[in-house]
Amino acid sequence: MNTQNFKALERSSTLFLKLILLVLSIGVLVFCGFLLYQITQSDALGYYRPILIGVVISTIPLLYIFYQAFNLLNNIDKDLSLTDSSVNSLRIIKVCSFLISLMYLIGSPFIFNVAERDDAPGVVLINIILLIGSFSVGVFTYILQKLLINAIGYKSENELTI
């Protein structure tokens with residue numbers, strides 16, 4: 001496989017990931033619009049209204065994660081993956097992921113209380129999945145950030161050697 005074919009394959013995979021990020025972002029925005037409509041118009045939400053407001057607020061860092069992932073894919077397309085800009089994008093993704101986990105962790109006692117009143121264990125399960133999922137993304141991003149910093153160090157040592 002020559003270099004041009006490899007570049008085309010690499011760009012098509014990043015284009016595919018960019019399209020996925022775009023579709024996910026649109027889906028999150030539509031979901032938030034639906035939730036906001038339900039929060040403002042429905043009287044039947046009861047104790048779930050603050051939970052839904054918390055979910056809408058937690059989508060702000062999620063959309064910023066999508067934006068930083070898009071920037072990271074642009075850096076990969078421009079062959080700038082081993083730069084401080086990529087490390088900064090990973091750092092922001094890590095912080096936002098831990099922020100989302102913290103938001104759901106702080107809201108957990110209220111969610112447990114509401115779930116106990118309504119006898120709805122599924123709400124607790126969704127909270128735990130969102131909490132663990134965002135924390136896992138944060139840990140994974142932390143590991144990638146450390147690996148990228150080491151790779152940049154090796155690259156700069158190699159450039160100084162040659």
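Biologist: From which helix does the largest share of the lining of the largest pocket come?

Modeller: The largest share, 7 residues, comes from helix 4. This is a predicted model, in which local features need pLDDT of at least 70 and side-chain atom pairs count only at pLDDT 80 or more, while totals for chains, interfaces and linings use all residues. Residues are numbered from 1 along each chain as its sequence is written, and side-chain values use heavy atoms, with hydrogens and water left out.

Biologist: What makes a residue part of the lining of the largest pocket, and how many residues line it?

Modeller: A lining residue has an atom within 4 Å of a pocket point; a pocket is an open set of points on a 1 Å grid where a 1.4 Å probe fits, with protein on both sides within 12 Å along at least five of seven lines. The largest pocket is lined by 21 residues, of which Ala-69, Leu-72, Leu-90, Ile-93 and Leu-144 lie nearest its centre. Its volume, the space filled by probe spheres set on the points, is about 470 Å³.

Biologist: How do the residues of the lining of the largest pocket divide by class?

Modeller: They comprise 17 nonpolar, 4 polar and no charged residues. Ala, Val, Leu, Ile, Met, Phe, Trp, Tyr, Cys and Pro count as nonpolar, Asp, Glu, Lys and Arg as charged, and the others, Gly among them, as polar.

Biologist: Which residues lie nearest the centre of the second largest pocket?

Modeller: Ser-58, Leu-62, Ile-100, Tyr-104 and Leu-130 lie nearest the centre, out of 16 lining residues. About 350 Å³ of space lies in this second pocket, and helix 2 gives the most to its lining, with 6 residues. By class, that lining has 10 nonpolar, 6 polar and no charged residues.

Biologist: At roughly what angle do the axes of helix 3 and helix 4 cross?

Modeller: These axes cross at roughly 160° and come within 8 Å. That makes helix 3 roughly antiparallel to helix 4. The contact of helix 3 with helix 4 divides into 22 nonpolar, 9 polar and 3 charged residues.

Biologist: How is Asp-119 classed, exposed or buried?

Modeller: Asp-119 has a relative accessible area of 67%, so it is exposed. Asp-119 lies in the loop between helix 3 and helix 4 and has a positive phi of about 55° although it is not a glycine.

Biologist: What relative accessible area does Asp-79 have?

Modeller: Asp-79 has 48%, so it is partly exposed. Its place is in the loop between helix 2 and helix 3, and Asp-79 has a positive phi of about 60° although it is not a glycine.

Technical notes: Helix = DSSP H or I, 4+ residues; strand = E, 2+ residues; numbered from the N terminus. Buried < 20%, exposed > 50% of the residue type's maximum accessible area, 1.4 Å probe, protein only. Axes fitted to C-alpha atoms, helices over the stretch in contact; angles between N-to-C directions. Parallel < 35°, antiparallel > 145°, perpendicular 65-115°, else oblique.
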